[in-house]
Amino acid sequence: MTDARADAVADSFQEIIGAAPAGVWAAPGRANLIGEHTDYNDGFVMPFALEQRITVAGAPRGERTWSVTSVNNDDTQSFGPDDLVPGMSGWQSYVAGVVWALEQDGHDVRGADLVLSSDVPLGAGLSSSAALECATLTVLADLSGLEIEPMARARLARRAENEFVGAPTGLMDQAASTLCRAEHALFLDCRSFETRHVPLDLASAGLEILVLDTRTPHALVDSEYATRRASCEAAARILGVSALRDVDAAGLDDALGRLDDDVMRRRVRHVVTENARVLAAVEVLGEGRIADLAPLLDASHASMRDDFEITVPTVDLAVETARAAGALGARMTGGGFGGCIIALVPAGTSDAVAEQIGRAFADAGFGAPAHFVGIPSPGARRLG
Ligand code: ADP
Ligand code: MG
């Protein structure tokens with residue numbers, strides 16, 4: 001198999017380390033097809049992995065220390081066992097966090113030299129952080145001869161992000177980066193960790209998914225995320241359930257009647273209806289009715305905009321313009337307050353739809369967005 005990105009990173013490794021790598025591995029970024037802010041409510045999500053990925057060349061070292069070079073920021077960082085302290089700063093904390101999580105789990109991690117390169121946009125909500133963790137985990141597990149089940153790998157990568165880096169994320173990103181398959185989305189039950197590979201053969205349906213990065217600088221993301229989370233947890237306590245996952249669509253009206261805060265009611269309505277939309281999406285995809293995803297995407301966006309209030313003007317304009325330009329359906333993807341949208345569009349029309357969004361952005365005085373076609377791709381793996 002020829003893989004230009006693998007060859008390039010192997011060449012970089014040779015140049016920087018002065019020897020050939022023992023192998024090349026990769027782990028992708030992801031877009032969430034549907035299921036937003038449901039993960040920390042023990043609910044359902046359905047991401048798919050992107051072609052965009054972190055590609056990493058690695059070789060074992062004689063001693064138990066690690067060096068990692070990112071071609072993207074042209075930086076090399078080294079650390080040893082004594083440096084593995086949660087709260088480490090810098091981009092290398094995602095790599096060190098994986099070593100730490102593996103060791104916390106009782107694994108013996110070999111020292112290694114790593115050189116990586118990425119085409120996942122950073123900080124765009126496509127989970128470059130999970131790609132970095134999952135790529136690191138895959139290469140280090142292989143070099144150390146560790147046999148770890150895929151879901152256990154995802155949970156270790158999440159632990160690195162939560163406990164070592166200090167970002168309180170759900171399991172979705174690491175599960176997607178580890179477990180996804182080409183031409184499939186990944187259904188994940190965030191309570192039971194049950195997964196299902198759901199067919200998403202866009203080409204045979206004559207469709208494609210446009211991923212458009214609004215490039216809106218994220219503002220207030222951490223504090224808004226925290227208040228949404230707190231509101232959901234408070235609502236679950238009032239309703240006497242362990243998480244909002246336990247309220248289903250049939251019980252929604254009753255639950256809303258027991259809450260007297262209007263904001264909280266709307267937060268609950270988003271989570272409950274979004275969970276129902278994920279289950280509906282699993283059903284339509286299972287029956288090969290990909291076009292029927294469109295109204296679910298639209299309803300998800302309206303719910304995020306009106307009930308959960310996590311969209312921003314650039315994101316709303318991108319979604320509206322995508323629809324006006326011929327998208328069957330569109331929604332913001334990711335945690336919100338900026339980031340990316342996805343739009344289900346006829347095959348071959350992504351550039352034209354993105355161009356119209358670019359024009360609408362210019363008219364509104366917004367900066368130029370970026371875009372690509374989101375191709376459901378495999379999760380973390382060894383390339384050669
Ligand atoms: P997202 O996951 O949405 O892309 P995050 O803020 O969670 O955004 O993660 C982005 C961070 O991950 C970057 O600021 C950097 O620290 C780290 N990172 C991701 N990819 C790379 C890379 N290729 N090289 C160096 N650091 C990276
Ligand atoms: Mg991230």
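Helix α9 (residues 294-307) lies across strands β9 and β10, running at about 45° to β9. Helices (H or I, at least four residues) and strands (E, at least two) are DSSP runs numbered from the N terminus, contact requires C-beta atoms, placed from the backbone, within 7 Å, and angles run from 0 to 180 degrees between N-to-C directions of axes fitted to C-alpha atoms, for helices over the stretch in contact. The model is predicted, so to read it: local features need pLDDT of at least 70 and side-chain atom pairs count only at pLDDT 80 or more, while totals for chains, interfaces and linings use all residues. Residues are numbered from 1 along each chain as its sequence is written, and chains are lettered from A and ligands numbered from 1 in the order in which they are written.

Helix α10 (residues 313-324) lies across β8 (207-213), β9 and β10, at about 160° to β9. The strands belong to an open, antiparallel sheet of four, ordered β9-β10-β8-β11, where pairing takes at least two DSSP bridges. Because β9 (329-333) and β11 (370-374) are edge strands with a single partner each, one side of each has no neighbour in the sheet. Twist averages 25° from one strand to the next. Five bridges join β9 to the antiparallel β10 (residues 340-346), and A330 has A343 of β10 as its bridge partner.

The largest nonpolar core has 106 residues, with V56, A135, A322 and I341 making the most contacts inside it. Such a core joins buried Ala, Val, Leu, Ile, Met, Phe, Trp, Tyr and Cys residues through C-beta atoms within 7 Å; buried means 20 or more other C-beta atoms within 10 Å, exposed 12 or fewer, and partly exposed in between, with C-beta atoms placed from the backbone. Helix α3 (residues 128-143) gives this core its largest share, ten residues.

Definitions and conventions
Two residues are in contact if their C-beta atoms, placed from the backbone, lie within 7 Å.
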